[in-house]
Amino acid sequence: MPRSQAPATAVTNGQPTLVIVESPTKARTIRQYLPANYRVEASMGHVRDLPESASEVPPEYKGQDWATLGVNIHHNFEPLYIIPADKKKVVNQLKAALKDAKELILATDEDREGESISWHLTQVLQPQVPVKRMVFHEITREAIQEALQHCRQLDEGLVRAQETRRILDRLVGYTLSPLLWQKVGPGLSAGRVQSVAVRLLVERERQRRAFRAATYWDVKAQLVAQGMPFEARLVSLNGERLATGQDFDPKTGLLLPGRQVRWLREAEATELCQRLQGVTWRVQSVESRQVQRKPAPPFTTSTLQQEANRKLRLSAQETMRIAQSLYEQGYITYMRTDSVHLSQQAINAARACVQQMYGKEYLSTRPRQYATQTKGAQEAHEAIRPAGSTFRTPQETGLTGRELALYELIWKRTVATQMAEARITHFTVTIQAGEAEFRTTGKRIDFPGFFRAYVEGSDDPQAALEDQEINLPPLREGDIPTCTQVEPVRHETQPPDRYTEASLVKTLESEGIGRPSTYATIISTIQDRGYVRTEGNALVPTFTAFAVTALLERYFPHLVDTGFTAKMEQTLDEIAEGHVNWLPYLQEFYLGEQGLASQVKAQAETIDPAAARTLELEGLGDAKVHISTRYGPYVEIPQNGQTITVSLPKDLTPGDLTPAVIEELLRQKTEGPTKLGLHPETGEPIYVLTGSYGPYVQLGDVTETNKKPKRVSLPKGMTPEQVTLATAVGLLSLPRTLGPHPEGGTVKAGLGRFGPYVVHDRGKAGQEFRSLKPEDDVLTITLERALELLSQPKATRGRSTSTPIRDLGLHPDDQEPVQVYQGPYGYYIKHGKVNVGLPEGVTPDSLTLDQALQLLAERRQTPRKRTTSRRKKS
């Protein structure tokens with residue numbers, strides 16, 4: 001726990017001042033704003049932490065019953081800190097630098113984590129010179145010089161709160177996770193916040209499984225007035241309102257009790273269309289309503305992650321990595337904050353941008369400030385915005401790629417906050433046609449205001465953008481428009497949308513679960529642990545997620561309760577504020593009569609592993625799903641007095657498992673694969689099957705001489721029922737050569753792990769890949785279209801390690817690719833399981849294959865190091 005700093009000796013003249021920050025990028029940026037006698041070094045995140053595994057526990061503690069926790073629960077929950085092996089060199093370098101220094105300035109980030117890093121540095125370095133804490137929310141000359149004049153001491157309250165949070169997370173994770181290994185499967189983990197996040201995803205998927213669709217109809221009319229066509233929809237019949245999707249029970253597909261509405265079926269809708277032929281259509285009323293729309297608040301960590309996911313398709317983790325880079329380079333203010341406050345400097349800079357770029361009429365009448373509404377708001381004290389007293393336009397920054405895109409998003413959002421409201425007029429027109437009442441709506445933007453700069457995104461892909469007008473002719477009461485067409489329209493209610501990263505972050509924040517700085521780590525962890533798969537932009541829980549959530553709900557319900565978790569967050573905030581004593585809280589939570597330790601010990605005896613690995617899903621009848629650590633999930637079906645087991649494809653999720661899928665898997669097991677026909681060239685049979693990794697086509701039979709016949713997975717979205725013989729022949733021809741590339745090499749189209757692609761194959765010089773767009777077909781794509789895709793910049797999404805940003809070529813030893821990736825600490829080379837960072841001054845574009853091979857050879861001669869970053873686990 002926090003202890004007082006070591007006594008300082010007198011300042012020695014002529015010696016440098018040592019400034020410590022977290023990263024080399026931040027060090028390079030801040031160095032240019034400090035006096036010449038200031039030396040800046042990077043700690044590379046935390047220099048010490050709790051041991052990750054038993055191998056890291058010092059020998060003198062290995063026999064202790066608490067050693068695997070890394071927290072001495074018998075002695076006031078004292079944490080056992082160790083310096084990881086890959087940080088010892090950094091610590092030695094910092095100690096050497098401190099020997100020559102006259103004072104130490106700790107300039108780590110201004111949030112609790114940054115305060116914790118600074119405190120750990122004092123404990124490890126034991127400075128014998130004066131120590132100061134310097135905080136700033138942007139890296140500009142003015143901000144750094146101001147911060148130098150107002151250094152303070154370490155905030156023991158912030159350190160204590162962060163340490164309590166770290167200990168609490170360790171106790172939950174390292175106590176529950178071993179139980180999951182025993183009862184469900186190895187490699188699983190539970191967490192104070194991650195388990196709640198997984199439960200949210202599972203609950204949504206349960207709702208989707210329980211959902212029963214309802215079909216209802218209405219009528220659409222195409223009308224013309226004053227030469228302008230428009231569309232109207234049926235809203236009532238004989239004065240009775242027409243049923244819409246919100247009138248149906250999602251669990252039954254029937255009308256909700258007490259709804260006084262007309263449920264229109266197909267036959268009645270078709271008959272109504274016939275009756276409407278020849279009737280007079282008359283405008284009954286025209287209503288207009290003027291509204292003003294104010295711009296959204298400036299970004300917080302949460303809203304930046306949400307909007308970057310909606311608009312840029314970036315994951316929360318990728319958003320934070322890019323934002324951190326922008327902050328450390330001095331382009332934006334600190335990116336971990338839940339405040340929407342803007343400083344007067346920022347307001348002035350934004351208003352200057354508005355007046356210069358859009359004109360005075362687009363400036364809000366008075367400076368606009370926002371109030372923070374988030375539960376338990378804390379961290380930094382200003383929103384995320386462009387840095388400095390004047391805002392550089394995106395074009396002036398020199399940024400490129402995703403850094404430019406994210407900076408532009410932040411710049412636009414910030415500038416929009418000081419722009420005038422948008423003025424909009426909404427129109428509602430009611431039209432009578434016999435016994436039917438139709439309605440149409442329109443929207444006119446009278447003054448765009450802040451729409452000129454920024455329009456907030458929506459989680460609903462069907463939602464109309466606010467800045468889009470809906471034009472109607474100038475209708476008046478009594479007008480008689482001409483009907484050109486009426487047609488019945490079928491509707492079907494839809495299950496609740498799956499969570500995206502954006503909507504999950506929004507829910508976590510609104511419920512007060514976790515903190516802005518933890519969201520990216522939470523989402524990354526639940527994906528890495530196999531609890532979640534991504535389908536498009538949706539987060540889809542797996543069978544493992546269902547099994548773990550069911551176990552926790554039954555035996556530890558409070559740990560996955562959103563209210564309980566939010567209350568824990570509130571208590572941690574109160575510890576930071578000094579209102580709650582940390583030690584009694586930890587003692588009660590872990591060692592109390594109903595504490596976690598006693599609960600886990602008691603439940604470990606009662607939980608049946610077989611039951612924990614069995615799922616009874618909605619709508620599957622007697623079929624049961626089992627989790628197998630060795631063979632993956634499989635389904636067990638009673639049939640004719642016997643029990644038949646069928647393996648489930650690895651990419652199948654609970655949301656996709658239906659009775660029809662089980663029936664097809666069962667048929668394939670009992671009757672064999674479906675034969676599509678014979679290959680026109682070889683005469684071999686072609687089959688369509690479903691295996692561990694989903695449906696695929698196969699050429700030929702498995703024989704002694706042909707143990708591995710050619711197999712090709714079906715493209716995403718294609719079902720076995722849709723596969724024809726011609727389609728199968730085309731798939732089996734992949735990858736197919738499209739033709740020569742103008743710069744040399746060949747262009748091919750194929751189907752890989754991440755979907756259909758085109759590739760420029762340059763032989764030993766490497767390969768350049770591009771994914772196909774949704775409108776492209778891998779079987780019919782032309783050379784011209786492939787060259788067009790290859791000419792476009794490579795887009796990398798999601799986690800930084802998923803897609804290489806450059807292929808250097810093949811390694812001469814094993815012919816495996818040597819590639820460049822972008823990670824949280826910069827660019828690195830990857831070959832197989834070996835990674836090595838790019839030396840300072842070397843860029844991905846200038847790097848050659850020979851240079852990469854030399855760096856990889858040097859790396860193999862040294863022991864493999866583990867990357868230790870700022871650890872934020874929840």
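This is a predicted model: local features need pLDDT of at least 70, side-chain atom pairs count only at pLDDT 80 or more; totals for chains, interfaces and linings use all residues.

Student: How many salt bridges does the structure hold?

Tutor: There are 46 salt bridges in the structure. Take D169 and R192 as a case. They form a salt bridge whose closest N and O atoms are 2.5 Å apart.

Student: Which parts does the pair of D169 and R192 tie together?

Tutor: D169 lies in helix 5, residues 156–183. R192 lies in the loop between helix 5 and helix 6 (194–210). The pair therefore ties together parts that are 23 residues apart in sequence.

Student: Is D169 buried or exposed?

Tutor: Read the relative accessible area; buried means under 20%. D169 has 8%, so D169 is buried. R192 is buried too, with a relative accessible area of 3%.

Student: What are the closest N and O atoms doing in the salt bridge of E421 with R368?

Tutor: In that salt bridge they are 3.5 Å apart. Locate both residues next. E421 is in the loop between helix 12 (401–416) and strand 11 (422–433). R368 is in the loop between helix 10 (344–357) and helix 11 (394–397). This pair ties together parts that are 53 residues apart in sequence. Now check accessibility. E421 is partly exposed at 22%, whereas R368 is buried at 11%.

Student: Which side chain does D446 meet in a salt bridge?

Tutor: The side chain of R444, at 2.6 Å from N to O. D446 is partly exposed, with a relative accessible area of 34%. R444 counts as partly exposed as well, at 38%.

Student: Where is T425 found, and what joins its side chain to D446?

Tutor: T425 is found in strand 11. A polar contact of 2.5 Å joins the side chains of T425 and D446. T425 is buried, with a relative accessible area of 2%. Leave out residues up to four places away in sequence, and T425 touches S288, R289, Q290, G442, K443, R444 and D446. Note R444 and D446 in that list; their side chains form the 2.6 Å salt bridge.

Student: Which residues does S285 touch?

Tutor: S285 lies in strand 10, residues 281–293. Not counting residues up to four places away in sequence, S285 touches T428, V429 and T430. The C-alpha atoms of S285 and A352 are separated by 45 Å. Along the chain, those two residues are 67 residues apart.

Student: Now helix packing. At what angle do the axes of helix 10 and helix 12 cross?

Tutor: Read the approach and the angle together. The axes come within 8 Å and cross at roughly 90°. Helix 10 and helix 12 are therefore roughly perpendicular to each other. Helix 10 makes the contact with A350, C353, V354 and M357. Helix 12 supplies W411, T414 and V415. Then sort the residues by type. The contact of helix 10 with helix 12 has six nonpolar residues, one polar and no charged.

Student: How do the residues divide in the contact of helix 6 with helix 15?

Tutor: Start with geometry. The axes of helix 6 and helix 15 (residues 543–555) come within 9 Å and cross at roughly 110°. These helices are therefore also roughly perpendicular to each other. S195, V198, R199, V202, E203, E205 and R206 of helix 6 take part. From helix 15 come A545, F546, T549, A550, L552 and E553. They divide into six nonpolar, two polar and five charged.

Student: What should I look for in the backbone?

Tutor: Most residues other than glycine have a negative phi, and most peptide bonds are trans. Look for the exceptions. N238 has a positive phi near 55°. N238 is found in the loop between strand 8 (228–237) and strand 9 (240–241), and counts as exposed at 55% relative accessibility.

Student: Where is R313, with its positive phi of about 60°?

Tutor: R313 is in the loop between helix 8 (301–312) and helix 9 (316–328). R313 is partly exposed, with a relative accessible area of 37%.

Student: Which residues does a cis peptide bond join?

Tutor: L734 and P735, with omega at about -5°. P735 is found in the loop between helix 21 (725–732) and strand 24 (736–740).

Technical notes:
Residues are numbered from 1 along each chain as its sequence is written. Side-chain values use heavy atoms; hydrogens and water are left out. A salt bridge is a side-chain nitrogen of Lys or Arg within 4 Å of a carboxyl oxygen of Asp or Glu. Helices (H or I, at least four residues) and strands (E, at least two) are DSSP runs, numbered from the N terminus. Buried means under 20% relative accessible area, exposed over 50%, partly exposed in between (1.4 Å probe, protein chains only). Axes are lines fitted to C-alpha atoms, for helices over the stretch in contact, and angles run from 0 to 180 degrees between N-to-C directions. Angles under 35 degrees count as roughly parallel, over 145 as roughly antiparallel, 65 to 115 as roughly perpendicular and the rest as oblique. Contact means heavy atoms within 4.5 Å. Ala, Val, Leu, Ile, Met, Phe, Trp, Tyr, Cys and Pro count as nonpolar, Asp, Glu, Lys and Arg as charged, and the others, Gly among them, as polar. A polar contact is a pair of N or O atoms within 3.5 Å; within protein, one must be able to donate a hydrogen and the other to accept it, and residues adjacent in sequence count only if both atoms are side-chain atoms.
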